[in-house]
Amino acid sequence: AELSADPLWSSWAQQFASELSLVLEAVPDFRPVDDFDEAFRTMGCSFIPWWIDLILARWFVTVDPCNGNFMGSWLQLRPLAPYCPMTCGCRGTSKTPAELRAASCPGTCASAT
């Protein structure tokens with residue numbers, strides 16, 4: 001099933017959009033051209049690399065939504081790794097179980113050898 005149909009994913013998208021709007025109110029030169037709530041909801045896990053590239057290009061800030069870092073100290077939310085373990089590098093990696101847990105990877109991946 002696509003994430004866009006998942007009620008929990010949609011609620012996370014809504015929370016993201018709500019929190020992001022509060023942050024962007026303080027950034028007068030930022031003019032969003034996209035509906036980030038809709039992008040989050042419809043892009044699913046592909047939102048992660050898209051968002052990383054967008055923030056890096058716009059503000060030269062390195063972020064990682066996989067561990068909840070959406071805009072550095074301005075926006076910390078739920079980690080997306082539990083929903084997007086493949087995109088977040090939780091599977092097929094040489095990371096140790098401790099590194100996987102620290103990266104917010106889901107337990108089944110963190111305990112996999």
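Visitor: What is the handedness of the link of Cys90 and Cys105?

Guide: Cys90 and Cys105 form a disulfide, with sulfur atoms 2.0 Å apart; a disulfide is a pair of cysteine sulfur atoms within 2.5 Å. With -85° about the S-S bond, this link is left-handed.

Visitor: On what kind of model do these values rest, and how are residues numbered?

Guide: This is a predicted model, in which local features need pLDDT of at least 70, side-chain atom pairs count only at pLDDT 80 or more, and totals for chains, interfaces and linings use all residues. Side-chain values use heavy atoms, with hydrogens and water left out, and residues are numbered from 1 along each chain as its sequence is written.

Visitor: Is Cys84 buried or exposed?

Guide: Buried means under 20% relative accessible area, exposed over 50%, and partly exposed in between, with a 1.4 Å probe and protein chains only. Cys84 has a relative accessible area of 1%, so Cys84 is buried.

Visitor: How many residues apart are Cys45 and Cys84?

Guide: Cys45 and Cys84 form a disulfide, their sulfur atoms being 2.1 Å apart. Cys45 lies in the loop between α2 and α3, and Cys84 in the loop between α3 and α4 (97-102). Helices (H or I, at least four residues) and strands (E, at least two) are DSSP runs, numbered from the N terminus. The pair links distant parts of the chain, 39 residues apart.

Visitor: What is the pairing of the bonded cysteines in sequence order?

Guide: A search of the whole structure finds three disulfides. Besides the two pairs already discussed, Cys66 and Cys88 form a disulfide. When the bonded cysteines of the protein chain are numbered in sequence order, the pairing is 1-3, 2-4, 5-6.

Visitor: Which residues does Ser10 contact, leaving aside neighbours within four places in sequence?

Guide: Ser10 lies in helix α1, and it counts as buried because its relative accessibility is 17%. Contact means heavy atoms within 4.5 Å. Leaving aside neighbours within four places in sequence, Ser10 is in contact with Ser4 and Arg41.
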